[in-house]
Amino acid sequence: MIDWVSAKIICNHDPDKLSNGIIASLDRDGNTEWLSNKKTMVEGSYSTNIQIQSLTDTQIYISGNPTKFLQGHNVFGTNDLVGLMGKFFDELLKKEELGLCPDPYQYANIKDGHYELSRVDVNETWHLNSQFDVMSWIRSLGETAFLKHRGAGQFSGDTAYFGKNSRRWSLKCYSKGQEINARGHRIPDEIAIPELLEYARKALRIEGVTRQLELKKRQLHIASNWDVDTAEGLLLEYISKLEMSDVYMLKDDVLDSLPSRLRLAYQAWLNGDDLKAVLPRPTFYRYRKQILEYGVDISSKSPKEKSNVIPLIRVLEAKPVGIPDWAYEKNLVA
């Protein structure tokens with residue numbers, strides 16, 4: 001699902017109508033170096049807001065959640081970025097107070113995706129048996145998974161982040177059921193039907209944030225280069241870089257075949273020792289790489305410390321749940 005889009009779009013407009021004030025930069029002598037219009041908040045369905053800003057007389061900047069703007073929720077939604085943004089822009093045109101007036105050529109380009117993206121968030125949902133299982137899975141992921149070249153996960157609240165401060169892309173994992181109970185994320189009463197709440201309650205949400213540098217690297221900074229399969233493919237590629245293992249015990253014949261140094265390291269990890277703290281850094285990563293060949297990751301918590309038994313890998317091998325049929329019947333999809 002497309003969950004957030006930041007884009008620069010060519011569109012004739014009245015800059016004064018989009019102005020929410022001016023930000024100015026002055027040099028030490030008080031001379032103006034540059035001026036910039038402040039972003040204006042635009043209210044969508046069910047009081048969901050996006051930001052819009054005038055960059056020039058013919059270019060605007062838009063940033064926000066188009067899915068939530070149109071639907072009033074982002075429990076599920078489409079992977080068709082160009083189609084979604086086309087519908088979103090049509091809704092903006094209905095707001096005469098914004099002063100948007102694209103000519104036919106500009107409008108056609110917007111509908112066809114000929115504009116520049118600087119950030120796109122995509123996510124998918126996996127269903128577990130309960131919200132408790134979802135939270136246990138996330139906790140286990142944050143404690144044991146490792147993102148290649150980025151390191152271990154970080155927790156902020158009950159969300160597990162990987163590559164959180166990267167300028168290219170990052171992952172986060174959270175409970176959608178818990179999020180919709182948080183301030184600012186609650187589903188409006190008008191659409192908070194039991195089916196939607198139950199769908200969210202069991203939802204394990206994994207989200208990938210792709211920023212400008214990575215978008216340009218992949219030639220995805222132009223919206224028309226996205227098709228309906230791009231979002232899911234991008235997210236699953238990011239997830240595939242997570243190193244996870246459900247294997248914790250080596251068989252006796254494998255253990256006997258290990259060099260004594262690796263056997264001792266494995267036994268120490270099995271007993272709960274933090275090898276990263278006691279071994280020299282190059283030695284730890286060399287041992288980790290060698291033992292990882294047998295499916296055991298000594299950078300994760302050992303079985304002695306691990307209380308969660310929900311298989312990490314097995315959950316993600318299942319296909320994301322997608323949009324249920326009843327959502328279309330109840331007009332909950334834009």
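**Entry 1: Val122 and its partners.** I looked up Val122 of this predicted model and found that its bridge partner in β13 is Gly208. I then turned to the pairing with Ile2, for which Val122 in β7 is the bridge partner.

**Entry 2: the strands around β7.** I asked in which sense β7 and β13 pair, and over how many bridges. They pair in the antiparallel sense, over 9 bridges. I checked β1 and β7 next: β1 covers residues 2–10 and β7 covers residues 116–127, and these strands are antiparallel to each other, with 6 bridges between them. Within this pairing, I noted that Trp4 stands opposite Asp121 in β7.

**Entry 3: the helix on the sheet.** I followed helix α5, residues 131–144, and found it packed on the sheet. I listed the strands that α5 touches as β10, β11 (159–162), β12 (169–175) and β13 (203–211). The direction of α5 makes about 145° with that of β12.

**Entry 4: the whole sheet.** I traced the strand order and wrote it down as β4-β5-β6-β1-β7-β13-β12-β11-β10. The sheet is open, has 9 strands and shows antiparallel pairing. Which strands form the edges? I identified β4 (40–43) and β10 (154–156), each of which pairs on one side only. From one strand to the next, I recorded an average twist of 20°.

**Entry 5: the protein overall.** I counted 15 helices and 14 strands in the secondary structure. For the extent of the protein, I noted that its C-alpha atoms fill a box of roughly 75 × 60 × 35 Å along the principal axes. Of the 334 residues, 47% are buried. I also examined contacts between residues at least 6 apart in sequence, and 70% of these join residues at least 24 apart.

**Entry 6: surface and charge.** I recorded an accessible surface of about 17000 Å² for the protein. Carbon and sulfur atoms account for 47% of that surface. Finally, I looked up the charged side chains and found 43 positive and 45 negative. The centres of these two sets lie 6 Å apart.

Conventions: Residues are numbered from 1 along each chain as its sequence is written. This is a predicted model: local features need pLDDT of at least 70, side-chain atom pairs count only at pLDDT 80 or more; totals for chains, interfaces and linings use all residues. Side-chain values use heavy atoms; hydrogens and water are left out. Helices (H or I, at least four residues) and strands (E, at least two) are DSSP runs, numbered from the N terminus. Buried means under 20% relative accessible area, exposed over 50%, partly exposed in between (1.4 Å probe, protein chains only). Contact means heavy atoms within 4.5 Å. Accessible areas come from the Shrake-Rupley method with a 1.4 Å probe; for residues, only the protein chains shown count as cover. Lys and Arg count as positive and Asp and Glu as negative; His and the chain ends are not counted. The place of a charge is taken as NZ of Lys, CZ of Arg, CG of Asp or CD of Glu. Two strands pair if DSSP finds at least two bridges between them. Axes are lines fitted to C-alpha atoms, for helices over the stretch in contact, and angles run from 0 to 180 degrees between N-to-C directions.
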